[in-house]
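Please take a moment with the sequence and the structure before reading on.

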Amino acid sequence: MKQGILNWTRRGVLGAGTALGLAMSLGLAGQAGAQTPPGVLIVGQIAEPKALDPAAVTAVNDFRILMNVYDGLVRYKSGTLEVEPALAESWEISEDGTTYTFKLREGVSFHDGSAFDAEAVKFNFDRMLKEDHPYHDTGPFPLAFFFSSVEEVTVVDPLTVEFQLNAPYAPFLSNLAYPTGLIVSPSAVEEYGADYDRHPSGTGPFTFAEWESNTHVILNANADYWDGAPELETVVFRPITDANTRTAEMLAGGIDLMVEVPPVALSEFEGDDFTVVEQAGPHVWFLILNAKEGPFAEKAVRQAANYAVNKTALVENVLEGTADVAAGPTPPAFAWAYNESLEPYPYDPEKAKELLAEAGMEAPEVTFYVTEGGSGMLDPVAMGTAIQADLEAVGFDVTIETYEWNTFLGEVNPGLEGKADMAEMAWMTNDPDTLPYLALRTDAWPDKGGFNSGYYSNPEVDELLEKARVSTSQEERASLYQEMQAIVQEDAPWVFVANWKQNAVTSSAVEDFALEPSFFLLLKDVVKN
Amino acid sequence: MQFLSLLLRNRLAAAGGVVLSLVLLLALVTPLLPLANPDVTDTANRFLMPGEQGHWLGTDHLGRDLLARLLHGTRLSLAVGFAAAFFAAFFGAAIGIIAGYFGGRTDNLIMRGVDMLMAFPYILLALAIVAALGPGLTNALIAVAAVNVPFFARNIRGVTVGLAHKEFVDAARLAGLGHTRIILTEILPNVIPVIVIAMSTTIGWMILETAGLSFLGLGSQPPQADLGSMLGEARGALITNPHTSVVPGAMILVIVMSINLLGDGVRDALDPRLRSGALTRPMPATRVERKGTIPAEGEGGAVLNLRQLQTQFHVKNRIYKAVGGVDLKVAPGECLGVIGESGSGKSVTALSVMGLVASPPGVITGGAVYFQGQDLVGAPYERLRALRGDKVAYIFQDPLATLHPLYKVGDQLVEAIRVHHPVSRSEARARAVALLKQVRIPNAESRIDSYPHEMSGGMRQRVGIAMALANDPEVIIADEPTTALDVTVQAQILSLLDDLRRERGLAIIFITHDFGVVAQLCDRVAVMYAGRIVETGPTAAVLRAPAHPYTSRLIACVPELGGGRRRLEAIPGLPPAVDRLEPGCAFAPRCLKASAACREGDIALEGPGARAVRCIHPEAELEEGVA
Amino acid sequence: MTGYILKRLLSAVPVLLGITVIVFLIMAMIPGDPALAILGAYATPENVAKINRDLGLDAPLVARYFIWLGNMLTGDFGTSFSLNRPVIDEVLDRFSATLLLAGTSFVLCSVLGIAAGVISAAKQYGWADKGITFAVLLGISIPSFFLGMMMILIFAVELRWFPVSGMKMAYGGGGFADVANHLVMPAFALAVVATGVVARLSRSAMLEVLRQDFIRTARAKGVREGRVVWGHALRAAMVSIIPVLGIQAGFVLSGAVYIEMVFQWPGVGRMLVDAILKRDILLVQGGVVFVAACYVLFNIAVDVAQSLLDPRIKT
């Protein structure tokens, strides 16, 4: 029935435009939607890349290109978030966890022909970390703090490089696998200087061919790739910022692969012409609650909010199943560190009302910061609106204030005190340490340079996190993180809402495509017929 | 009141008004209607189709009732649109009046600022304002209003500058009134209609712009709906669920369209030019609606023969009988004068010949015009066109208005030739130079490249005559060709025309209100009054012994050449309105000799031989005139 | 004529200076920090301070204005931090795309609008007039972004007549036919509103002119009706149509922002919106000044065209 009416409406719209169409078809009835040639993959990106210098970018959108042009010393094993060798064949960690020695792969060269060696590795990290490095001015390098624990990089011999850390830092290897750790060609940096970000040169499976602003970035296959030549000849990344237009392009055959499909559009891609691919990732979507002042200073009220929000309805309906309900601060994608025993707060409005009554707050007034978009924020306005409705149903009086992403960050990152009680937020990270360490510790309050904008403070959590960070044993770290998750869930500094499942759609001509939990887009083995 | 009735007369505007009132009414009573709460989400029932589960228009992406959101959104969008228009008009008018009233440096400074703001693409200015103030419907309103202030300011300034130097303002100033007083009591009331017109034509635009900002997510904040944000939110589901986009989109369309219709109506009703009568364009040839039998040509010998010609103007439900059955004829080489006061129908008669009476409102309702024995009334347009300017040419009064201001006179002459004769451009140009020489224009070779505004009145009139002569016509109809000229030039032109008719044997119908001119040029004369001929005969005979009292009064108006200054006898009273002609003699109300019989029945145009008069108390017995 | 043009160009200088002040002040007023846009979620106060230092945003306002203005006068518009690219390169790239789109739309709206207005006036109260009046009313009442959305839905997704978005095919495109094909829908969607405005104005200007005596003169000469209308009358009506075309050029340029968003056209409008949102101050300032300068120049060109058309205007 629904399908029938749907078709009817669409035909109505079709009819309304036919007159216009006739007029236009007289002009140019060129045949659009011509299929792209085999071996050429056209990827619909969500935005224009900012730069093709891995040290200079922060956006997943840019990573999608970079991961195909560059390699790091290590990389994530396919389908996991565990590291495996890449440009480094092997490594050793000293007893105290402060010295990492990497053995480099032999015979690898950059796309510009220069050789990859220990000097190149040192050049990369010195460029990012040392203010007196001659090419430090090719920055800024916003994510350099990923490696702030690195004290010195030493060339032992051409194929051996040693990293000296100032303290044990467990996420170090994982950070090396992150795009910020990708290795660029020193000679290309020397040649192009500040223009390097438009003339990238790495060791990856694809070489850079062309970047036309707001039109495309084109990569060609690197036949000499050390890990085997890619199947594709050419990859074209097309920035299409508007999700709706991206969907339309996909439907019309203008692109072969589309990432971040809007949930409402998923139903369009049922059927044989398209394949929808999904992959849960290390993402968590939550609401920061202001634990310092206002109604959410009470733990019971924070828990009430967790009970009041119908997370299942959000992920099933607003997000059309593109996310799972989150149980705690750590996403299940970090399988080794995830606490399996945690159950999400159930949707229980009655319980929420009881908790509010106990706390003596029948109708707390709440200001809610909502963003219009932003990295990993999914459908923030719709989510915010639905959450507002859920909270009001149990007695909260919620006022939404919407901000464009950058303004939003400008309001939220310095802390919610005196402005708001609640704010949307989402993080995608590469290590279970990152998010809680930066956003849940007492020492991570905004005034101390962290992102704990809700002023949550629990000494127990602080201690667990510090301990996990310096441990070199994954098992020990796992149990520390699991304990932390249980405490944080009970304390409810956030409303835990969703873990996003990244999705993508490919046309039937594309084979062997898979998404990675890291949110990277790896195209080396993809085939386009 | 008059404004309202004018507005209602415009059916489209009325329709727009009705639709807009309905929308406004709906928006006003929205809170009272039994609607679902527009903000309550029901995500399980999202994207319901219209009609499903009691949702008349279906539900949106969060399962909210679209009808409820639509009505609440309409309420908000309308309020914002009107408010933005009001504020823009208020501040714009204030700035415009100040700049226009004080003038000088104040004006210069303000208008430079306005120029700067107008050099911005408005959307960027609006975006920047919203970015500076933060998102929100109020801020979007401020941005949209601010962006439109320069538009109003410039508009209102223009009007104010015109007013600031009017006598009543000077008078108020002399009376010692303060600036504020003058602006509020003298300037403002005169500017308000302009403000209202500008507002009515921009409200729709404001609603669109606000919707645009909301569409970009900079307007209303969730869950609040306005039409733009509804469209913006629905955009993500455009392909899967177009109805969620179509509903608010169609509503914007309906509102803006009805506002525009109404706005057009308001403009039409307030604009004085439009108020004085519909702004209509004349058709290529006068409309013909001949009733009754077509009179036969009768005796031949005339090149142009008008029989019982009737031309009327149909304006709304009034009928003006401008020409009420006129008989005229002119033979080759003959010059016929047609004389009468303005409004007597002489020009309309002349224009009717070639179907040049503006239509609407003109209609030829009866009679015939025989040119070389063939009736032109109701002839196909192409036939008329082929004769126009070729066989029958016109010379018009006031050549500044009748020559095209943007074409060189040479080009206008060349066109007149080439439209009827397939000659080359250079050949036509040579002929044009010859024509200009023929009408005694000095330096014809260089004058041919002048624009009309670069020539004197007499020169322009000569160009007009040259244009009429271009194709060596059989008949020239000259409609008061010398009225605007001074006496010496007039005399030159008259002698020029006289020479031409003698050399070329062309027939001239010369229309004038001046018996002196007729005396100089015309063989015969026909006197017209209220759309009819009241006396006709050889010029000399009529001049010597005018029979109709009106004719004698007209003759008395002429200062006799060489006779020194004589009392100019004006005719008391005004010609009658031709839409309310009383029976009997139309001149009776102004006639000293009028009797009761003059006001009854039709009086025939009778007389012996070439003379005839339409009068039962003629001034003189008619004798067969000799030219 | 040369003197007139020079005079007009000189008088544009203070306007342009004023524009630089306005855009600079507005950008200085906008809250939100470019550093945040660079650093994203990782913006700590120290990182932010460091980036601001790098970008020279810690200098006093007045000093920043004069540094910017001085650099601009030497042709240096600065570097966009969000794109890591000289502002002028980006602006020229994007402006040429906008010029193609807005220029095509402008030609479309002028030609179609004037034609519709002339036909409408010549056939006043006839069916053509009624049809055109209705279509025009529809055109000026429809939000262009809504129209664009519907066009994509119908002509690109359903009928596949035209490509959905972009300026050329992502791979192997860029030829004339390819770009033209991409141009059809956005240019049309952008032209609709302006066409309506031009048509309305042309109609009333033509009605005004057709009642003039010189039209009767032309008819009395036996000039064919087509030439009376399209030659004599239109030529005279152009005197009042051309200034409106000048204003419409500004509206087309503004409307291009929405159309560029909907159709992903790589134009300067979208660039400026993005730049405002990202607080890319130099890019916004440079872009706006450039666009405004072009607009001012265009208006001077309109005035010059006007004086060429109408010999009565003293230059």
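This is a predicted model: local features need pLDDT of at least 70, side-chain atom pairs count only at pLDDT 80 or more; totals for chains, interfaces and linings use all residues.

What follows is a short walk through the chains of this model.

Chain B has 627 residues, of which 52% count as buried, and its secondary structure comes to 22 helices and twelve strands.

The overall dimensions of chain B can be read in two ways. Its C-alpha trace spans about 105 × 60 × 60 Å along the principal axes, and its radius of gyration is 34 Å, whereas a compact globule of 627 residues would have one near 25 Å. Chain B is divided into domain 1, covering 72-279, and domain 2, covering 392-472, and the C-alpha centres of these two domains of chain B lie 48 Å apart.

Chain B also touches chain A, in a contact to which chain B gives 23 residues and chain A gives 33 residues. On the side of chain B that touches chain A, twelve residues are nonpolar, eight are polar and three are charged.

For chain C, an unreviewed UniProt entry lists "transmembrane region" at residues 12-30, 99-122, 134-159, 179-201, 236-261 and 281-302. Over residues 12-30 of chain C the model is 95% helix and 0% strand, with the end C-alpha atoms 27 Å apart. Over residues 281-302 of chain C, the values are 100% helix and 0% strand, and there the end C-alpha atoms are 31 Å apart.

Methods: Residues are numbered from 1 along each chain as its sequence is written. Chains are lettered from A and ligands numbered from 1 in the order in which they are written. Two residues are in contact if their C-beta atoms, placed from the backbone, lie within 7 Å. Ala, Val, Leu, Ile, Met, Phe, Trp, Tyr, Cys and Pro count as nonpolar, Asp, Glu, Lys and Arg as charged, and the others, Gly among them, as polar. Domain bounds come from an automatic or database domain assignment. UniProt positions are given in the numbering used here, feature names are shortened, and annotations may be inferred rather than shown by experiment. Helices (H or I, at least four residues) and strands (E, at least two) are DSSP runs, numbered from the N terminus. The radius of gyration is taken over C-alpha atoms; the globule rule is 2.2 Å times the number of residues to the power 0.38. A residue is buried if 20 or more other C-beta atoms lie within 10 Å of its own, exposed if 12 or fewer, and partly exposed in between; C-beta atoms are placed from the backbone.
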